[in-house]
Amino acid sequence: MATRSVLLSSSFLLILLSFSLEKSNALEGRKTIESNFHTIQLTSILPSSSCKPSSKGKRGGTSLEVINKHGPCYQLNKKGEKGQTLTEILAHDQARVDSIQTRIAAQNFNLFRKTEKTSKKYRAKDSKTTLPAQPGTALSTGNYIVTIGIGTPKKDLTLIFDTGSDLTWTQCEPCFKTCFPQQQPIFNPSSSSTYSNISCSSTACSGLKSATGNTPLCSSSTCVYGIQYGDSSSSIGFFAKDKLTLSATDVFDGFMFGCGQDNKGLFGKTAGLIGLGRDPLSIVSQTSAKFGKYFSYCLPTRRGSNGHLTFGKNGAKSNLQFTPFASSQGTSFYFIDVLGISVGGKALAISPMVFKNAGTIIDSGTVITRLPSTAYANMRATFREFMSKYPRAPDLSLLDTCYDLSNYTTVSIPKISFNFNGNTKMDLVPNGIFFVNGASQVCLAFAGNGDDDSIGIFGNTQQQTMEIVYDVAGEKLGFGYGGCT
C-alpha cells in the first residue's frame, strides 16, 4: 500500500508539474506576443471625419501649430477645392522620391568630379540615373502646414513645411505671370514698410544656387530666384527680405525669402513653402542666433488632432534618444545611419552594408518610407508571415501588402523597430506602420526602391505622433514618444 501511495503521489506531482509547465509556457507565449505585437482597436488607426485638436499645453521655445493637410482639421480646402485621393497622394509622393534621389545622385556626382581633379585614386561607378544639368529640388507633397507672419504690419501666411527644402517662399502681388489660388490674401510687398529686394551683386544672391539648385538671374539689378519641383511645380520671383514673425516675442528683421511672381503646382490653397533644410538660407540657419539651429516637431495623423513645429531647445521633451547625423554628402538633407530592422521581435537578416551603401535621409515631406530593395523584400516577407491570418486586399498604388480588416474590431500587428547608429532603437507606433484607405484596405506603409543603390528615405508616416528633434548644430537627430500631447 505504501508503495502504491508513493506511486500515486509521484504521478500526481508529475501531472501538477506538467500543468505548471504548460501554464508557464502559455504565459511566456502571451508575454512574447504582447511584447512583439500591437493589439489595437481597428478604429484607432482609421481616419476621422471630426477635428479634435490637442489641448495646447505649455511648451518652451517658439511653437507653431502643425496641421495634417489631409485630415479633418485642415480648413483651407473647405471652400470649393476637391482634396487629393490617396492614389494621387502616393503618385505625388513617388514624384518627390524620384526628384530627391536624382538630386542627391547629381550632387554626389558633382562632388566626385571635384575630388577627381585632385586625386586619381577614385573612379566613378556606372550611374543608372540620368543626371540633369540643373537638378530640381524635391517635390513637396504638402502634408503638413504652419502659419507664420511676414511684413510690417504682419500678414499671416500658411505654408507647407519641408525638411527637404531650403528656401522659404510665398506668392506675391502683383503676380506678373501666374499665381495659384490660395485661401489667404496674397502677400503685397508694397503694403509692408520693411520689405526690400535683394540686389544681384549681393553675397546672398549668389548663395541661391545651393538653396534652389538653380543659378539666380537678374532683373533691373534685383536678384531673381527660380525653383522647380519633381512634378513640374515651380516658383519664380524676386529674392527679398522682410520682417519674420514667429510669435509676439520672436521677430526677425531682414529675413530672406522668395517673393513669387510666377507660381504653379500642387500647393493646395496654402501660400507657399517654408524650408527647414541645412542651407544658410533656410529658416533654421537664418534664426540660428536665437534658436541655435535646433528645432523639433510632431506630425499629427489623419485622425483629427494637431501637432507642433518648435524652434529652440526649451521646447523639446527630455526622454529622447539621439542618433548622430551621417555625412550629408554635399546636400542639405538630413542623413541618418540605419543599422537594422526588426519585425515582430525578429531581427531581419539584412547586412548593415545594404543600408550604408545607399544611405538614408529623414524627410518630413515624403509620405511612405523607401527601403533598399533587398531590405524591403525581407521586411515584406516577414510581415506577411505574421499577418497571414488576415485576408489580403488589393494593392494601393505602390503599396503591395494590404489587408481587409473590415470584419475585425481588434487586430494584432507585429511591431516594427528601427535600429540607428548610437545604440538607439525606434519602435514605430501602430499609425506609423499602416497607410489606411478605410477598414477594407489597410496597407503596410513601406515601399522598396528599384535597387539597393538608391537613397533610402525615412518618411513622415513612420514619424507620426513622435517627437522628432533636429539638433543641427550638435549634428544629431533625437526622437521620443507622445510628441503631439
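A residue counts as buried when its relative accessible area is under 20%. Keep that cut-off in mind as we walk through this predicted model. Phe257 has a relative accessibility of 1%, so it is buried. Phe187, at 2%, falls under the cut-off too and is therefore buried.

Let's turn to the aromatic rings. The count of aromatic pairs comes to 26. One of them joins Phe187 and Phe257: the ring centres lie 6.3 Å apart and the planes meet at 75°, which makes the pair edge-to-face because angles over 60 degrees fall in that class.

Phe295 is in strand S12 (residues 294-298) and Tyr470 in strand S29 (residues 467-471), so their pairing ties together parts 175 residues apart in sequence. Both residues are buried. They also belong to one aromatic cluster, whose members include Phe161, Phe252, Tyr297 and Phe325.

Phe325 brings us to charges over rings. The charged end of Arg278 sits over the Phe325 ring, 5.0 Å from its centre. Lys476 lies over the face of Phe322, 4.6 Å from the ring centre.

For a last stop, look at Glu385 in helix H8 (residues 373-386). Its relative accessibility is 52%, so Glu385 counts as exposed.

Conventions:
Residues are numbered from 1 along each chain as its sequence is written. This is a predicted model: local features need pLDDT of at least 70, side-chain atom pairs count only at pLDDT 80 or more; totals for chains, interfaces and linings use all residues. Side-chain values use heavy atoms; hydrogens and water are left out. Helices (H or I, at least four residues) and strands (E, at least two) are DSSP runs, numbered from the N terminus. Buried means under 20% relative accessible area, exposed over 50%, partly exposed in between (1.4 Å probe, protein chains only). Rings of Phe, Tyr and Trp (its six-membered ring) pair if their centres lie within 6.5 Å; planes under 30 degrees apart count as stacked, over 60 as edge-to-face and the rest as tilted. A charge sits over a ring if NZ of Lys or CZ of Arg is within 6 Å of the ring centre and within 35 degrees of the ring normal.
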